[in-house]
Amino acid sequence: MDKIRNFCIIAHIDHGKSTIADRMMELTGTVEKREMKDQLLDSMELEREKGITIKLTPVTMQWKGYTLNLIDTPGHVDFSYEVSRSLQAVEAAVLVVDATQGIQAQTLANVYLALEQDLTIIPVINKVDLPAADVDGVAKQIINLLGCSRDEIIEVSGKTGYNVDKILDRIVELDDIKNNSFDKTRALIFDSYFDDYRGVVLYVRVFDGEILKNSEILMMAAGTKGLALEVGILTPKMSPREKLLTGEIGYIVTNLKTTREARVGDTVTLAKAPAQTPLPGYKNVLPFVYAGFFPVSNDQYKELKEAIEKLALSDSALRYEPENSPVLGFGLRIGFLGLLHMDIIKERLEREFGLDLIVTNPSTNYEVVMNNGEVREIKSAADLPDASEIKEIREPWVKGEIILPKPMIGNVLNLINEKRGHQTNVSYIEDRAVIDFEAPMANLLTDFYDQLKSATSGYASFNYELNGYRMEDLVRVDFLVGGHKMDALSVMAHRSEADGIGREVTKKLKEVIPRQNWEVALQAAIGARVIARETIGAYRKDVTVKIHTGDRDRKAKLLEKQKRGKARMKRFGKIDIPSEAFTVMLKRN
């Protein structure tokens with residue numbers, strides 16, 4: 001145990017975590033030069049394409065007689081759950097800050113997560129070789145944040161490999177792993193995924209005892225038993241071993257058929273001599289963005305359900321339930337941790353499973369208090385009970401943090417006020433300001449991030465967490481196309497914003513719904529009260545063209561016949577609504 005060191009790399013998105021991990025694997029000889037490629041630990045095609053880390057990835061390296069277990073973590077706020085899981089499996093965190101961008105919102109959030117776990121933080125400034133690097137300025141920001149000294153900060157370049165060996169040396173100098181003197185085997189599951197050929201594979205950190213190949217294991221929270229068919233370490237390929245020892249990070253291939261039997265955060269112990277007290281797990285993460293996913297063809301519903309089940313096996317934050325819409329047919333209502341999470345899942349469904357999908361406007365969940373005191377949770381406006389039965393509606397609020405250059409504070413405060421939010425505090429780190437604010441979740445869902453980037457020329461970074469539910473004057477805004485209510489388009493809105501949303505959406509629907517042979521009315525309504533209307537004009541065929549005389553009565557007769565035909569069409573005609581109509585709220589501008 002005194003030769004094992006477990007650490008992870010944390011940073012804001014795009015600050016160079018995966019590149020530094022690449023250099024570490026090169027330096028330690030974990031991966032041969034000919035097998036080396038950029039972002040080696042980002043194995044998913046989407047990760048490589050977008051240049052971001054989505055899933056945490058562990059790897060074991062050897063350096064100067066020590067075994068170093070590294071976990072590379074994601075940097076985006078939507079995947080902070082992955083970060084919190086990896087922090088519980090390690091003793092130290094390498095905090096990477098970009099020399100050109102300085103401390104950003106997710107840097108702060110990850111530092112607070114690491115401090116909560118009482119980890120040793122090793123500060124690193126990356127990209128020092130770039131012409132725009134402000135090493136001294138960023139060093140002052142880190143000293144302000146951590147209270148460390150200047151000589152504790154390591155200046156590196158992940159691209160060229162400059163000084164990366166100093167990070168490895170610093171990790172080796174850390175204190176030995178503390179022995180809990182707990183005789184029974186306990187290991188924490190910090191990730192799991194389903195392999196089509198081998199079944200459920202668990203990534204674990206062994207805290208006490210050892211796990212041998214072919215031993216019978218027990219999941220303490222789930223109460224399920226299984227066999228450890230194979231155990232080993234990741235280099236980053238699977239390297240089988242006879243056993244995993246105390247302090248090690250590795251994998252267990254089990255005979256379990258679903259990851260529900262071995263949830264992330266559960267404690268693995270031996271079935272023959274089980275431990276009595278489990279390791280502290282994770283809080284159950286709840287999604288706060290919901291969207292309806294419908295296949296373009298209803299024949300693909302079964303395929304969609306199977307695909308989501310497979311993705312949910314390796315993504316414990318994903319929640320889903322069946323949904324039926326009169327317009328779109330059968331689909332699933334899926335819960336996500338944020339909009340990027342939603343985009344990633346949508347792209348994976350389309351690429352990996354070849355599905356053609358319609359995604360409805362994302363919404364958040366609401367708490368509805370009924371007149372009899374019952375509290376119901378609704379995930380979409382279509383589920384709202386009758387207004388006469390409702391006592392009050394509560395919506396989720398978030399506590400957010402924005403880091404930006406000082407001169408841009410005014411623009412951002414205006415933006416927060418526009419979203420019905422309010423600023424609670426403004427503090428400063430060197431030349432940057434930190435704005436703490438509270439705002440309703442629903443107003444930050446669609447295009448807040450885009451507007452924030454526009455207002456600050458791309459310099460601001462944003463982080464948030466849920467901060468309870470509050471009673472507000474909320475109404476359900478319905479949209480009618482040709483007199484038919486479209487449940488999939490309904491939204492919840494604050495009464496003061498409902499008229500604006502109604503006018504905006506009806507205008508956008510007018511652009512995306514094609515013209516018909518009859519006039520189509522687009523209306524926004526709260527209950528029976530119409531608050532906005534647009535009209536899609538009908539195509540008009542010139543039926544009088546075949547009359548060569550100027551007889552008024554004959555023309556009037558033909559036009560009257562056309563009018564009757566259009567009225568009949570309007571009664572029986574079916575309006576073809578394109579899939580873009582269901583996502584008009586995503587980008588309101």
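**Exercise 1. Which residue does Arg394 form a salt bridge with, and how far apart are the closest N and O atoms?**

Before we start, a word on the model: it is predicted, so local features need pLDDT of at least 70 and side-chain atom pairs count only at pLDDT 80 or more, while totals for chains, interfaces and linings use all residues. Residues are numbered from 1 along each chain as its sequence is written, and side-chain values use heavy atoms, with hydrogens and water left out.

*Solution.* 
- Step 1: recall the rule. A salt bridge needs a side-chain nitrogen of Lys or Arg within 4 Å of a carboxyl oxygen of Asp or Glu.
- Step 2: find the partner. Arg394 pairs with Glu367, and their closest N and O atoms are 3.3 Å apart.
- Step 3: (Strands are DSSP E runs of at least two residues, helices are H or I runs of at least four, and both are numbered from the N terminus.)
- Step 4: check the surface. Buried means under 20% relative accessible area, exposed means over 50%, and partly exposed is in between (1.4 Å probe, protein chains only). Arg394 has 25%, so we call Arg394 partly exposed. Glu367 is partly exposed too, at 21%.

**Exercise 2. Work out where Lys64 and Asp169 lie, and whether each is exposed or partly exposed.**

*Solution.* 
- Step 1: look at the contact. Lys64 and Asp169 form a salt bridge, with 2.9 Å between the closest N and O atoms.
- Step 2: locate the ends. Lys64 is in the loop between strand S2 (57–63) and strand S3 (66–72), whereas Asp169 is in helix H6 (residues 164–172); the pair links distant parts of the chain, 105 residues apart.
- Step 3: apply the cut-offs. Lys64 has 59% relative accessibility, so Lys64 is exposed. Asp169 comes out at 21%, so Asp169 is partly exposed.

**Exercise 3. Describe the salt bridge between Lys305 and Glu309, then step back to the whole count.**

*Solution.* 
- Step 1: Lys305 and Glu309 have their closest N and O atoms 3.6 Å apart.
- Step 2: both lie in helix H7 (residues 301–314), four residues apart, which is about one turn of the helix.
- Step 3: Lys305 is partly exposed at 29%, and Glu309 is partly exposed at 31%.
- Step 4: zoom out. The rule gives 27 salt bridges. Some join up: Glu395, Arg420, Glu472 and Glu497 are linked in a network.

**Exercise 4. How many aromatic pairs are there?**

*Solution.* 
- Step 1: Rings of Phe, Tyr and Trp (its six-membered ring) pair if their centres lie within 6.5 Å; planes under 30 degrees apart are stacked, over 60 edge-to-face, and the rest tilted.
- Step 2: the count is three aromatic pairs. One of them is Phe190 with Tyr203, a tilted pair at 6.3 Å centre to centre and 40 degrees between the planes.
- Step 3: Phe190 is in strand S7 (residues 186–195) and Tyr203 in strand S8 (residues 199–208), so the pair ties together parts 13 residues apart in sequence. Both Phe190 and Tyr203 are buried.
- Step 4: Phe293 belongs to strand S16 (residues 289–295) and Phe336 to strand S18 (residues 329–336), 43 residues apart.
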